[in-house]
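Hi,

Here is the structure I promised to pass on. Have a look at it first, and then read my notes below.

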Amino acid sequence: MRADAGREDVAAVEERVKGLGYETALTSGELQTIVAVRGDTAGDLRLDGLGDMPGVESLLRVQKAYKEASREFHPVDTVIDVGGVKIGGNRVIMMVGPCAVESREQLLATADAVEAAGFPVLRGGAFKPRTSPYSFQGLFIEGLRLLAEAREKTGLKIVTEVMSEADVQDVATYADILQIGARTMHTFRLLERVAATGKPVLLKRGFHATIKEWLLAAEYILKIGNPNVILCERGIRSFDGEFARNVLDLTAIQIAKKESHLPVIADPSHGTGMREYVIPMGRAAIAAGADGLIIESHPNPAEALSDGPQSIPTAEIPALAEEMTTIAAAVGRTL
Ligand code: PEP
Ligand code: MN
């Protein structure tokens, strides 16, 4: 719609679209309002008339398979406000914490270090997707309660994974951001259930997902009417697993930012699987345009119940902060 279009103009367009049998979705930004026509509109010439209605600036047919996720649909960057923490703006958002919540002592010690570093978000898994059913699976609800306690104590926002539809309600009750893991990126009914909570969603890229599949997974969430999706590049599986667990796809950060308007963060912990590469690849990801990092840390990684080899000791969080502040400043951003 044109900047000077009135409410009645917008309403008239919506009504006409509905009359043609499509759903509408409204995006009202500071500079423009966009009326999206949802549905399979290919070849429907009746829609062309919309371009001549009062207040309409232009009629754009989004050619991409991922429509609402595409930058064609939404040219300006989406900034997601998580209780005052803005993701996708100038500030590089650090989300740090243990792979799994193991105990009150472990979580609170980590949370204190995260807060002291000035990072805004605490990560920690309560429901863990482990490769082996014999590995530690998480503390479930108790883990969520401990995360809430850590938030209470520090003011940090909480991001935690939800693995199954059955747990969506519980996780949404406690978390500020719901994480969809690499293994469930393709679990479309889960994406829809999570989207329906209205909470911000951190969507990890599946380790065997193409960028297009990842953006289409985001589309499942946006289509439900939840615009708050944060994309997370966490490494893809390639042929050389000998020295690193995955290949952190830095190009994907730029591609996702070009193709979509959503914030994109990186996970150099799962991306490399090895502690010594986490800071270097975190630096690289920020330099490549990432809007934030999600990183695993543990007070004593040698005793971690999951992902110890890639967790940095909490004692090294100040060094992490310093390194990332330097690189953020070098690309004109703050931490
Ligand atoms: C995690 O963040 O601990 C995790 C399991 O991540 P991913 O889904 O990327 O493997
Ligand atoms: Mn992990």
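Let's start with a term you'll need throughout: a residue is called buried if its relative accessible area is under 20%, exposed if over 50%, and partly exposed in between, using a 1.4 Å probe and counting protein chains only. Thr-314, at 14% relative accessibility, therefore counts as buried.

Before going further, some ground rules. This is a predicted model, where local features need pLDDT of at least 70 and side-chain atom pairs count only at pLDDT 80 or more, while totals for chains, interfaces and linings use all residues. Residues are numbered from 1 along each chain as its sequence is written, chains are lettered from A and ligands numbered from 1 in the order in which they are written, and side-chain values use heavy atoms, with hydrogens and water left out.

Back to Thr-314. You'll find it in the loop between strand 13 (312–313) and helix 10 (317–330); helices (H or I, at least four residues) and strands (E, at least two) are DSSP runs, numbered from the N terminus. Leaving out residues up to four places away in sequence, Thr-314 touches Thr-110, Ala-113, Ser-297, His-298 and Pro-299, where contact means heavy atoms within 4.5 Å.

Now for the ligand. Which residues come nearest to ligand 1? Out of 13 around it, they are Arg-123, Lys-128, Ala-182, Arg-183 and Arg-234 (near means that a heavy atom of the residue lies within 4 Å). The shell is made up of seven charged, three polar and three nonpolar residues. For these classes, Asp, Glu, Lys and Arg are charged, Ala, Val, Leu, Ile, Met, Phe, Trp, Tyr, Cys and Pro are nonpolar, and the others, Gly among them, are polar.

There are polar contacts here too, meaning pairs of N or O atoms within 3.5 Å (within protein, one must be able to donate a hydrogen and the other to accept it, and residues adjacent in sequence count only if both atoms are side-chain atoms). A backbone N or O atom of Ala-182 is 2.7 Å from an oxygen atom of ligand 1. Lys-204 has a polar side-chain atom 2.9 Å from a ligand 1 oxygen, and for an N or O atom in the side chain of His-270 the distance to a ligand oxygen is 3.3 Å. On its own, ligand 1 exposes 290 Å², and the protein buries 97% of that (areas come from the Shrake-Rupley method with a 1.4 Å probe; for residues, only the protein chains shown count as cover).

Next, two loop residues. Is Ser-260 buried or exposed? Ser-260 is buried, at a relative accessible area of 0%, and sits in the loop between helix 7 (250–259) and strand 11 (264–266). A polar atom of its side chain lies 3.1 Å from the backbone nitrogen of Leu-262. Leu-262 also turns up among the contacts of Pro-227, a partly exposed residue at 46% in the loop between helix 6 (211–223) and strand 10 (229–233).

Finally, the cysteines. How many disulfides are there? The count is zero, taking a disulfide as a pair of cysteine sulfur atoms within 2.5 Å. For Cys-232, the nearest cysteine sulfur is that of Cys-99, 13 Å away. Cys-232 is buried at 0% relative accessible area, and Cys-99 is buried at 3%.

Cheers
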